[in-house]
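Thanks for coming. I will take one site and go through its surroundings.

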Amino acid sequence: MASVKESLWDPVAGFGVTFRTMFRKVFTEQYPFDKKPTAPRFHGRHQLNRWPDGLEKCIGCELCAWACPADAIYVEGADNEEGGRMSPGERYGRVYQINYLRCILCGLCIEACPTRALTMTNEYELADRSRESLIYEKKDLLAPLLPGMEEPPHAMQLGTTDKDYYRGMVGAAVPTEGGGDK
Ligand code: SF4
Ligand code: SF4
């Protein structure tokens with residue numbers, strides 16, 4: 001036969017947790033109506049960056065693709081053309097895709113990138129309704145053109161080499177006649 005404790009106290013004690021919780025501060029977040037900022041170094045959607053004159057930082061080397069443990073990146077490099085280049089140096093990323101169905105947002109790819117072309121933003125809303133829409137193309141990943149940037153293809157700045165870009169010695173685009181690339 002059940003003791004007095006088991007028949008009377010235990011059912012009431014079980015509600016103790018319920019009553020305590022009823023008077024606590026509510027932690028429910030009202031997402032998506034109220035979006036909380038992430039930590040500054042949160043790993044979200046990737047971005048392909050540009051130099052201050054608008055040329056692309058990606059040189060199509062594929063190191064990011066080789067570093068990826070989920071095989072989520074596909075890169076095809078191509079040669080730059082003198083006078084109408086996409087990036088400083090020999091090559092640029094002609095095709096660049098990240099498959100967000102595979103990506104685990106680990107950040108190994110951005111560690112592998114030698115030019116800091118690839119970084120990660122704080123954007124985390126990556127759900128969608130189709131598989132195709134979660135394969136991001138280069139146009140989806142490229143950083144926007146900021147003031148002072150010029151849409152590639154165009155020449156490197158007059159009198160500069162690719163090494164000047166990599167050393168951070170090149171500023172915003174300055175209009176030149178016939179361009180640089182000497
Ligand atoms: S964040 Fe990780 S999983 Fe995603 S593309 Fe980069 S290396 Fe691959
Ligand atoms: S993003 Fe960086 S690592 Fe990847 S292909 Fe471009 S330059 Fe190479």
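By class, the shell of ligand 2 is made up of 10 nonpolar, 3 polar and 1 charged residues. Here Ala, Val, Leu, Ile, Met, Phe, Trp, Tyr, Cys and Pro count as nonpolar, Asp, Glu, Lys and Arg as charged, and the others, Gly among them, as polar. This is a predicted model: local features need pLDDT of at least 70, side-chain atom pairs count only at pLDDT 80 or more, and totals for chains, interfaces and linings use all residues. Residues are numbered from 1 along each chain as its sequence is written, while chains are lettered from A and ligands numbered from 1 in the order in which they are written.

The shell holds 14 residues, the closest being Cys 58, Cys 61, Cys 64, Cys 113 and Leu 118; a residue is near the ligand if its C-beta atom, placed from the backbone, lies within 6 Å of it.

An unreviewed UniProt entry places a "binding site" at Cys 58, Cys 61, Cys 64 and Cys 113. These span 56 residues of sequence, yet they cluster in space, with a largest C-alpha distance of 10.4 Å. UniProt positions are in the numbering used here, feature names are shortened, and annotations may be inferred rather than shown by experiment.

Now two of these cysteines. Cys 61 lies in the loop between β1 (46–48) and α2 (63–67), and Cys 113 in the loop between α3 (108–112) and β4 (118–120). Helices (H or I, at least four residues) and strands (E, at least two) are DSSP runs, numbered from the N terminus.

Beyond four places in sequence, Cys 61 contacts Gly 77 and Pro 114, and Cys 113 contacts Leu 63, Cys 64 and Leu 118. Contact means C-beta atoms, placed from the backbone, within 7 Å.

How values were computed
Two residues are in contact if their C-beta atoms, placed from the backbone, lie within 7 Å.
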